[in-house]
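Subject: Structure handover

Hello,

Please find the structure below, followed by notes on what was found in it.

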Amino acid sequence: MSMNKNTVLGWATILMILMGVILILMGAYRYEDVAGWGFATVGIGFFCIAWVFNALKGRV
């Protein structure tokens with residue numbers, strides 16, 4: 001299987017979504033103080049970047 005640009009962006013999107021879910025869950029269940037808000041915010045940022053990666057597939 002050769003890795004072209006679209007395949008790399010697809011894998012990056014999947015990994016970013018997985019990491020975003022992990023960070024949001026850590027913010028919700030592991031840290032119950034102010035640090036939890038930070039983890040959840042970074043997780044949402046990962047979702048935004050994954051959305052951009054997904055939008056770039058087929059265009060680069």
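Leaving aside neighbours within four places in sequence, which residues is Gly27 in contact with? They are Gly36, Phe39 and Ala40, where contact means heavy atoms within 4.5 Å.

Before the rest, the basis of the values. This is a predicted model, so local features need pLDDT of at least 70 and side-chain atom pairs count only at pLDDT 80 or more, while totals for chains, interfaces and linings use all residues. Residues are numbered from 1 along each chain as its sequence is written, and side-chain values use heavy atoms, with hydrogens and water left out.

Gly27 and helix α1

Gly27 is found in helix α1, which covers residues 5-30. Helices here are DSSP runs of H or I with at least four residues, strands are runs of E with at least two, and both are numbered from the N terminus. Gly27 counts as buried because its relative accessibility is 10%; buried means under 20% relative accessible area, exposed means over 50%, and partly exposed lies in between, with a 1.4 Å probe and protein chains only. From Gly27 to Ile49 the sequence separation is 22 residues, and the C-alpha to C-alpha distance is 19 Å.

Thr13 also lies in helix α1. Its relative accessibility is 8%, so Thr13 counts as buried. Not counting residues up to four places away in sequence, Thr13 touches Ala50, Phe53 and Asn54. Thr7 is another residue found in helix α1, and at 24% relative accessibility Thr7 is partly exposed. Thr7 and Lys57 are 50 residues apart along the chain, with 8.3 Å between their C-alpha atoms.

Helix α2

Ala55 is found in helix α2, residues 34-56. With a relative accessible area of 40%, Ala55 is partly exposed. Ala55 and Thr13 are 9.8 Å apart in space, C-alpha to C-alpha, and 42 residues apart in sequence. Gly45 lies in helix α2 too, and is partly exposed at a relative accessible area of 26%. The C-alpha atoms of Gly45 and Met16 are separated by 9.5 Å, with the two residues 29 apart along the chain.

Aromatic rings

How many aromatic pairs does the structure hold? There is one. Tyr31 and Phe39 form this pair, which is stacked, at 4.8 Å centre to centre and 5° between the planes. The rule is that rings of Phe, Tyr and Trp (its six-membered ring) pair if their centres lie within 6.5 Å, and that planes under 30 degrees apart count as stacked, over 60 as edge-to-face and the rest as tilted. Tyr31 is partly exposed at 28% relative accessibility, and Phe39 is partly exposed with a relative accessible area of 24%.

Over the ring of Tyr31 sits the charged end of Arg30, 5.3 Å from the ring centre (a charge counts as over a ring if NZ of Lys or CZ of Arg is within 6 Å of the ring centre and within 35 degrees of the ring normal).

Surface patch

Ile17, Val21, Leu25, Tyr29 and Phe47 make up a nonpolar patch on the surface, and their accessible area together is about 480 Å². Areas come from the Shrake-Rupley method with a 1.4 Å probe, and for residues only the protein chains shown count as cover. Patch members have over 30% relative accessible area and no salt bridge; nonpolar side chains (Val, Leu, Ile, Met, Phe, Trp, Tyr) are joined within 5 Å, and like charges within 9 Å. A salt bridge is a side-chain nitrogen of Lys or Arg within 4 Å of a carboxyl oxygen of Asp or Glu. Helix α1 gives the most to the nonpolar patch, with four residues. Leu25 has its place in helix α1 and is partly exposed at 44% relative accessibility.

Regards
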